[in-house]
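Open the coordinates in your viewer and keep the sequence panel beside them. This tour says what to select at each stop and what you will find there.

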Amino acid sequence: MTGLPAGDASRATPRVLAVTVTYNSADTIEPFLSSLATAGRIDEVVVADNASAEADVVGAAVRAAGYRFVELPANEGYGGGVRGAVDAAEAVPDYILVANPDVVFSPGAVDALVAAGEQLPQAGSLGPKILDADGTVYPSARRLPSLRTGVAHALFGRIWPTNPWTVRYRAERETETRRNAGWLSGACLLVRGEAYRQLGGFDPGYFMYFEDVDLGDRLGKAGWSNVYVPEAVVTHTGAHSTSRERKRMEQAHHDSAYRYLSRKYNAWYFAPLRLAVRLGLWGRLWWVSR
């Protein structure tokens, strides 16, 4: 990626806050916390639990590691949980590392993201290369979905994974080069503190899913870039509790998809289109949940 100005090498060492949101995450929190120790310089870690049954176990592990634990009074969803964790931080950070609790960081991953952020002052968010548990690269730096691409991906993504709309949207062949993206996966990304405060972070109206798409969209509209940094590597084990509640998560995914698309196409003359999208999403939800 060229044509982007370098950062000021003389500035003080940036302050990094790491946050995660747990929900019945007792089986993943210790590997997550252990991997942070070698991931790079992190000044503060805050874990927010979304009123889960395993809050006591998670809290004990977090405190034993010397980090701050916040027990939220209700399940605020992912974006709301991140906001709760950030609000509980003691100091104002230069960068906020947001990650799922079932992520494991490779050594130096956070330092690599911060270094890229210092080199690229217009980067509002920076995302690592995310590996699945089997070592394959997850396409975490994607283009923003248009209505046509979103509908085609929703219809054909599972039954025809190599369809041209899905391939273009997921940018699956662009995983080895640092580049700008439309949005970065909320499973793990570094958000510049200034950009986070300017936009208010994740929109808590998205209970789960699409909060990262929405953030990437808003960052771009505000003049920031979303930068994929493949030299930083993390592994997403997929062991988080959401995988145990598939039907509920499918519902949340479809609700969030409608929220995003209905906001993007919010003019009065798009009312028939919004109705068609709503009916189509209901049909798809029935199909995948039957």
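Start with P121. This residue sits in the loop that links α4 (109-119) to β6. The model is a predicted one, so read each stop as a computed picture. Is P121 buried or partly exposed? Its relative accessibility is 31%, so P121 counts as partly exposed. P121 and R192 are 71 residues apart along the chain, yet their C-alpha atoms are separated by 9.0 Å.

Select residues 109-119. Eight of the eleven residues of this helix are buried, so α4 is largely enclosed by the rest of the structure. Colour the buried ones: A109, V110, A112, L113, V114, A116, G117 and E118. What do they pack against? The list of partners is β1, β4 (95-99), β5 (103-105), β6, β11 and β12.

Select residues 123-132. Strand β6 is mostly covered, with nine of its ten residues buried. Show its pairing partners one at a time.

- β12, residues 225-236: this strand pairs with β6 in the parallel sense, over nine bridges. Pick L131 and find its bridge partner in β12, T235.
- β11, residues 188-192: here the pairing with β6 is antiparallel, over two bridges. L126 is the residue opposite L190 of β11.
- β7, residues 137-138: β6 pairs with this strand in the antiparallel sense too, again over two bridges. Look at I130, which stands opposite Y138 of β7.

Stay on the β6 and β7 hairpin. Four residues lie between its strands, and G135 takes a positive phi near 90 degrees there.

**The loop between β1 and α1**

Select Y23 and N24. Y23 belongs to the loop between β1 (16-22) and α1, and N24 lies in the loop between β1 and α1 as well. Which of them is buried? Y23 has a relative accessible area of 21%, so Y23 is partly exposed. N24 has a relative accessible area of 15%, so N24 is buried. The cut-off for buried is under 20%.

Y23 and G77 are 54 residues apart in sequence, but their C-alpha atoms are 9.4 Å apart in space.

Now check the backbone of N24. Its phi is positive, about 50 degrees, although N24 is not a glycine. Most residues other than glycine have a negative phi.

**Two helices side by side: α1 and α2**

Select residues 29-36 and 55-64. Helices α1 and α2 pack at an angle of about 20 degrees, with their axes 10 Å apart. That angle makes α1 roughly parallel to α2. The crossing of α1 past α2 is right-handed. Which residues make the contact? From α1 come I29, E30 and L33; from α2 come V58, A61 and V62. By type, the contact residues are five nonpolar, no polar and one charged.

A reminder for reading the helix faces: an α-helix has 3.6 residues a turn, so residues three or four places apart point the same way.

Jump to F210, in the loop between α7 (193-199) and α8. F210 is not a glycine, but its phi is positive, at about 70 degrees. Its relative accessibility is 13%, so F210 counts as buried.

Then select D214 in helix α8, which spans residues 211-221. How accessible is D214? Its relative accessibility is 7%, so D214 counts as buried. Show its surroundings. Leaving out residues up to four places away in sequence, D214 touches D203, Y206 and Y260.

**Zoom out**

Last, display the whole protein. How many helices and strands does the protein have? There are ten helices and twelve strands. Of its 290 residues, 51% are buried. Now turn to the contacts between residues at least 6 apart in sequence. Of these, 80% join residues at least 24 apart.

Conventions. Residues numbered from 1 in each chain as written. Predicted model: local features only at pLDDT ≥ 70, side-chain atom pairs only at ≥ 80, totals over all residues. Heavy atoms only, no water. Buried < 20%, exposed > 50% of the residue type's maximum accessible area, 1.4 Å probe, protein only. Pairing = 2+ DSSP bridges. Axes fitted to C-alpha atoms, helices over the stretch in contact; angles between N-to-C directions. Parallel < 35°, antiparallel > 145°, perpendicular 65-115°, else oblique. Left-handed = near helix turned anticlockwise from the far one by under 90°. Contact = heavy atoms within 4.5 Å. Nonpolar A, V, L, I, M, F, W, Y, C, P; charged D, E, K, R; others polar.
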